[in-house]
Amino acid sequence: MNDKAILSVTGLRARVAEEDLDILRGVDLNIRPGETHAIMGPNGSGKSTLAKVVAGHPAYQVTAGSVAFQGEDLLEMEPDERSQAGIFMAFQYPIAIPGVSIANFLRTALQARLGDDEELDLFDFQELLMERMELLDMDPSFAQRPINDGFSGGEKKRNEILQMSVLKPALALMDETDSGLDIDALKIVAHGVNTLREENPDMSVLLITHYQRILNHVIPDVVHVMYRGRIVESGGPEVAMELEARGYEEYRIAHAV
Amino acid sequence: MNRLAAARRRAREAGAEEQGQIEGASPERATKNVARSSESTRVPEPDWLKSRRDAALELYRSMPLPSTRSEEWRYTDLARMLRLDDLVPSAGAQPGPASSNGDGTVPEPLRRAMAQDRDSAGRVIDIDGSAVSVELQDSLAAQGVVLSSLREAVRGGDPLLESLLATMAVPASDGKFAAMNAALWTDGVFLKIPRNVQLERPIRLSRWVSHPGTATFTRILIVAEDHSRVSFVDEILSPDFEAVTLVNTAVELFSHAGAQIQYVSLQRMGKGGFYLANQRTLAKRDSTLDTLNVALGGSVGRVDLNARLLGPGANSDMLGLYFGDHDQHFDFNTSQDHVAPNAHSDLLYKGALDDSARGVFRGVIRVHEGAQRTDAYQTNRNLLLSERAAATSLPNLEIEADDVRCSHGATVGQLDAESLFYLMSRGLDREQAERLVVLGFLGEVLDKLPMGGVVEKVTKAIEVKLGHVR
Ligand SMILES: Nc1ncnc2c1ncn2[C@@H]1O[C@H](COP(=O)(O)OP(=O)(O)OP(=O)(O)O)[C@@H](O)[C@H]1O
Ligand SMILES: [Mg+2]
């Protein structure tokens, strides 16, 4: 059943390197091309850790299990190799890089995908960047600002989606992109994501969120509940509705240690 | 005020201690070597210069090599790094294949560096402490701009030399190395911009040192008369040396009322280079005297920069940029002396350090009594790219006026793993990610570099270092 999956996570356990407690305690997750999955779960349950382990964050150490992306062992790959293979993570807390403009950064990132013997066409790049900024209702001057430096919370989130829309990943991990966005911005960002999905129907999305609201705009095929480092329930969009109403109390009782 | 008095007393004591301590170890042989040979190659000089040199030489001999016991040299251990005894003077006329003196050719690396320059109003080429070529646009010469080798200028007898050379700006009494230079300089540049003449393009000095184990002494004297404007780019290159090779540079800059001087130093010596510079800027009323020190090369670089704001409305922007790798050692000792009221100075030094490189910044803003409404800032920021790299930053304020705006700040930061991951998660490899973070960090200074090839040169040199190719 895993052979059609774009992302296949099996029995994944991971911890912060040098600490002795696993944060992820046996995660199983399969996402097929074109699917959108949502993960919900209380604070500290390991949602971001899962996304970061998939993206290759060096702070985490995998202690058991496997992660395959398009059939390849992801855990053997460097973060940049994972990105080039088609994985993109929109950070919950995007990092500021003073002095490096968004345009320069994205140009370098696209050039890196081409390799040494092919030169990125700067006109094409400029056009793509401008088109994407328009899609996300961003002022063109934004491209010249240093990455996330002094950005508002919402601007940072929008900037993540801008990068995603330029890099066109096969699998997008969106970690609480909706948090911090105002109502209008949420719609714009959701529209951006949906546009990408229309452009590439095979694009898969793993959307981490605390709120049902974004799922009205980016409709998930599967909703998972993560609790204490495990996926404890999976179902359709109705799971999100129920969580909104009930909270996590029942999991707390069922998974008490 | 008590604090200041105590600091001064401490400084005096430290000085005294030094005196007593190294007396016996003064580098007699080098002094004799250098002195003998400079006498033999020197063309007849006017009496004022002869006696100035003699006095300087005496001072030089009487002063011990600064030790790490003195506050100003605490982090640069000359006793370990520099053996003056082993140096031979670069007479400026040593014929050899690498020198241009014999056949008039410019060494290839210097030629390449010069080819990157655009837009020059004039250029001096200095090989081994001897100006071998001086060029100035005819139209500027016609307007009275004087660009000449220092030796020529002395011969020409411009009275400015007697009054300004090693007197007010970098006199022999400034210290061991200032005295050494005042006694032993072989050549350099004299540049005078007459009243109201404004140069659109920079004057350049392109320097090269060929011989390992030599000591080269160069002086630069620039006088910008009222409401004139000039930008001067002083670039030095050399091959890699097996032996420590000293370059001692004295830079004396005078901007008169309403004038503007921008002095840029591009230090790109090879391994083994020991670059010492004493720079002093004297800014009169409403003048602007900006400096920029870029240190990329050499094994050791030490710059003493003193900016003196002598007239109301004077302004000095002081920029510094350094990138060290391997075991390079850069030491900047700066001071901003606000003597006049209503003046402004703003210092920003930023450096990235890789491998086991070491950066030292020691800076002081001194607001003298009566220098009210001073605006003075000082910032030093360091980015460490390796566990073994180190930076020391010592900003300081000494304020004797009450109506002032001053601030100072210093930071030493690591290359942050989160930043690298962020960039790599977008597909940049580690090297590209480092390159962006470093260029971004230095960008604040890079963005302020003058046009005409400087930014390109500096960026390229940084990229070469980041790629760890030499
Ligand atoms: N780098 C780290 N160092 C130390 N502890 C960490 C680190 N990363 C995660 N943890 C811990 O692991 C647990 C899971 O964190 P994680 O960020 O994955 O939670 P989350 O589900 O994304 O929470 P939230 O909804 O608040 O974003 C938390 O207890 C957190 O403190
Ligand atoms: Mg999280």
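What is the mean pLDDT of chain B, and what share of its residues reach 70 or more? The mean is 89, and 87% of the residues of chain B get to 70 or more; pLDDT is the predictor's confidence in each residue, on a scale from 0 to 100. What you're looking at is a predicted model, in which local features need pLDDT of at least 70 and side-chain atom pairs count only at pLDDT 80 or more, while totals for chains, interfaces and linings use all residues. Residues are numbered from 1 along each chain as its sequence is written, and chains are lettered from A and ligands numbered from 1 in the order in which they are written. For the complex, the predictor gives an ipTM of 0.96 and a pTM of 0.85.

A contact here means that the C-beta atoms of two residues, placed from the backbone, lie within 7 Å. Residues 93-103 of chain B are also below 50, with 23 contacts in the model beyond near neighbours in sequence.

Let's start the tour with chain A. Chain A has eight helices and ten strands, taken from DSSP runs (H or I over at least four residues for helices, E over at least two for strands) and numbered from the N terminus. Its C-alpha trace spans about 55 × 40 × 35 Å along the principal axes. With 257 residues, a compact globule would have a radius of gyration near 18 Å, and the 18 Å of chain A agrees with that. That radius is taken over C-alpha atoms, and the globule rule is 2.2 Å times the number of residues to the power 0.38. Of the 257 residues of chain A, 42% are buried. A residue is called buried if 20 or more other C-beta atoms lie within 10 Å of its own, exposed if 12 or fewer do, and partly exposed in between, with C-beta atoms placed from the backbone. Among contacts in chain A with a separation of 6 or more, 72% link residues 24 or more positions apart.

Chain A has an open sheet of four strands in the order β2-β1-β4-β5, with antiparallel pairing. Strands β2 (22-31) and β5 (72-73) of chain A sit at the edges with a single partner strand each, so one side of each has no neighbour in the sheet. Two strands count as paired if DSSP finds at least two bridges between them. Strand β1 (residues 7-16) of chain A is joined to β2(A) by seven antiparallel bridges, and A:A14 has A:L24 as its bridge partner in β2(A).

Where is ligand 1? The shell around ligand 1 includes A:V16, A:I23, A:G41, A:K47 and A:Q92; a residue is near a molecule if its C-beta atom, placed from the backbone, lies within 6 Å of it. Helix α1 (residues 47-55) of chain A contributes the most to this shell, with three residues. By type, the shell has three nonpolar, eight polar and one charged residue. Ala, Val, Leu, Ile, Met, Phe, Trp, Tyr, Cys and Pro count as nonpolar, Asp, Glu, Lys and Arg as charged, and the others, Gly among them, as polar.

Now for chain B, which has 13 helices and 20 strands. Of its 470 residues, 52% count as buried. Strand β6 (residues 203-208) of chain B is largely enclosed by the rest of the structure, because six of its six residues are buried. B:I203, B:L205 and B:R207 lie on one side of β6(B), with B:R204, B:S206 and B:W208 on the other. Parallel neighbours join β6(B) through six bridges from β2 (residues 122-127) of chain B and six from β8 (residues 229-237) of chain B.

Strand β9 (residues 245-255) of chain B is largely enclosed too, since eleven of its eleven residues are buried. Ten bridges link β9(B) in parallel to β7 (residues 214-224) of chain B, and eleven link it in parallel to β11 (residues 273-283) of chain B.

Finally, the two chains meet: 19 residues of chain B are in contact with 23 residues of chain A. On the chain B side, α11 (417-424) and α12 (430-446) each supply at least two residues. That side of chain B divides into nine nonpolar, six polar and four charged residues.
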